[in-house]
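Reader: I have a model open and a few questions about it. Can we go through it piece by piece?

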Amino acid sequence: MGIGSTAELAFRLAVAAVAIGGPTVLYLGLWRFLAWLRDDALIDRLAAQGVVEEPRPAPVDVLASATAGIDGRRCSACGTRVVAGGARCPRCRRDLGSDDKR
Ligand SMILES: [Zn+2]
């Protein structure tokens, strides 16, 4: 046992840390990239034109429920439970930000 084996051990620990943490960092980076790519306005526009079918439930709502959980809010129009961070009711697609205006 000497300085050489200590340096080798540190190198091996560093390689292990990269091998363990690397995929996690890449996965979280992909997650954030996909969230950045999301264009709700485009999907709403295309769904209004009938070009695409409205996603039901929307992938963003699934993501929001997986990451933030359910906070007990309900849609004021139809009473559907709304996921935390969701911008629209999953059933009637009402904009939840406009709830307190009525
Ligand atoms: Zn609703």
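**Confidence first**

Author: This is a predicted model.

Reader: What does the protein average in pLDDT?

Author: The average is 79, and 73% of the residues score at least 70.

Reader: Okay, layout. How many helices and strands are there?

Author: The protein has 3 helices and 2 strands. Along the sequence they follow the pattern α-α-α-β-β.

Reader: What share of the residues is buried?

Author: Buried residues make up 5% of the 102 residues in the protein. As for contacts between residues at least 6 apart in sequence, 13% of them join residues at least 24 apart.

Reader: Which residues does UniProt list as "transmembrane region"?

Author: An unreviewed UniProt entry lists residues 12-35 under that name. In the model, residues 12-35 are 100% helix and 0% strand, with the end C-alpha atoms 35 Å apart.

Reader: Which residue other than glycine has a positive phi?

Author: Arg 93 is one of them, with phi near 65°. Arg 93 lies in the segment after strand 2 (81-83).

Reader: Why do you call Arg 93 partly exposed?

Author: Arg 93 has 15 other C-beta atoms within 10 Å. Partly exposed falls between the two cut-offs, 12 or fewer for exposed and 20 or more for buried.

Reader: Switching to Arg 74. Where is its place?

Author: Arg 74 is in strand 1, residues 70-74. Arg 74 is also partly exposed, because it has 13 other C-beta atoms within 10 Å.

Reader: What does Arg 74 touch, leaving out residues up to four places away in sequence?

Author: Arg 74 touches Gly 79, Thr 80, Arg 81 and Val 82.

Reader: And how many residues apart along the chain are Arg 74 and Cys 89?

Author: They are 15 residues apart along the chain, and their C-alpha atoms are separated by 8.3 Å.

Notes: Residues numbered from 1 in each chain as written. Predicted model: local features only at pLDDT ≥ 70, side-chain atom pairs only at ≥ 80, totals over all residues. Helix = DSSP H or I, 4+ residues; strand = E, 2+ residues; numbered from the N terminus. Contact = placed C-beta atoms within 7 Å. UniProt positions renumbered as here; feature names shortened; annotations may be inferred. pLDDT = per-residue confidence, 0-100.
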